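Look over the sequence and the structure before you start.

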Amino acid sequence: MVVFDKPHALSDLPFHYCPGCTHGIVHRLVAETIDELGIEGRAIGIAPVGCAVMAYDYFTCDMIEAAHGRAPAVATGVKRSTEDAVVFTYQGDGDLASIGMAETVHAAARNENITVIFINNAIYGMTGGQMAPTSLPGQVTQTSPYGRDVNHCGFPIKVCEMLAQLDGAEYLERVAVNNVKNIKNAKKAIKKAFQNQIDGKGFSLVEVISSCPTNWGMTPKNALKWIDEKMIPYYPLGVYKDRSAKEGES
């Protein structure tokens with residue numbers, strides 16, 4: 001009896017990600033969700049610019065490559081023109097929270113019926129480790145060698161907290177993938193975000209606290225520990241908005 005296998009929605013190509021990077025874990029959770037919901041033939045993913053730029057090689061569903069930060073705009077067009085499709089974006093913090101912030105905010109404000117998977121590893125990964133909109137105060141990066149100075153660079157952007165102020169967004173949750181318990185919770189959140197779209201509820205975003213050992217200058221093990229000690233205290237996990245749940249309580 002098979003108790004563990006590769007999801008059908010993942011291709012056989014090996015990931016290009018650095019050792020210890022948790023992009024691969026999130027890819028698997030998305031693919032498992034696609035399998036379990038039986039939507040591989042309907043799913044259309046929008047790949048970003050960033051570390052996950054080649055996501056089109058890893059998922060077996062239809063994929064589209066978007067210009068940097070424009071994935072929510074592309075997803076909006078695809079979903080509005082092909083209503084039966086299950087459309088998701090997969091974006092990093094530089095892609096979503098910097099150049100793509102306007103597209104993200106307005107898609108949420110319009111409550112576009114799409115699913116956004118947002119990877120927050122507090123750094124620009126693909127381009128060499130520059131400070132990202134989500135880099136922590138005091139965090140050392142290639143462009144903040146003395147640590148992020150909030151007086152000079154401003155404070156990190158907390159995406160879930162910000163979008164929760166919008167009337168339009170349906171579901172916002174922040175999860176992490178640094179241990180088994182958190183990975184299980186992340187899977188539930190991702191599946192809920194896809195199910196919301198299938199049910200026509202609107203904009204769902206799952207923010208995933210993820211590791212980048214290479215650009216953090218850490219071992220994979222220490223990077224997972226750093227998520228617990230530094231990232232989660234600054235970016236608390238949990239549901240930041242679930243409109244359907246509130247309606248069910250009233």
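**Exercise 1: a strand and its partners**

Task: find the bridge partner of alanine 43 in β3.

Solution. In β3, alanine 43 has valine 86 as its bridge partner. The model is predicted, so local features need pLDDT of at least 70, side-chain atom pairs count only at pLDDT 80 or more, and totals for chains, interfaces and linings use all residues. Residues are numbered from 1 along each chain as its sequence is written, and side-chain values use heavy atoms, without hydrogens and water.

Step 1. Strand β1 (residues 43-47) runs parallel to β3, joined by four bridges. Strands are DSSP E runs of at least two residues, numbered from the N terminus; two of them pair if DSSP finds at least two bridges between them.

Step 2. β3 also pairs with strand β4 (residues 115-120), in the parallel sense, over five bridges. Here phenylalanine 88 has threonine 115 as its partner in β4.

**Exercise 2: the classes in two linings**

Task: how many charged residues are in the lining of the largest pocket?

Solution. Step 1. Charged means Asp, Glu, Lys and Arg. The lining of the largest pocket has two charged residues, with eight nonpolar and eight polar.

Step 1. Turn to the second largest pocket. Its lining has seven nonpolar, seven polar and no charged residues.
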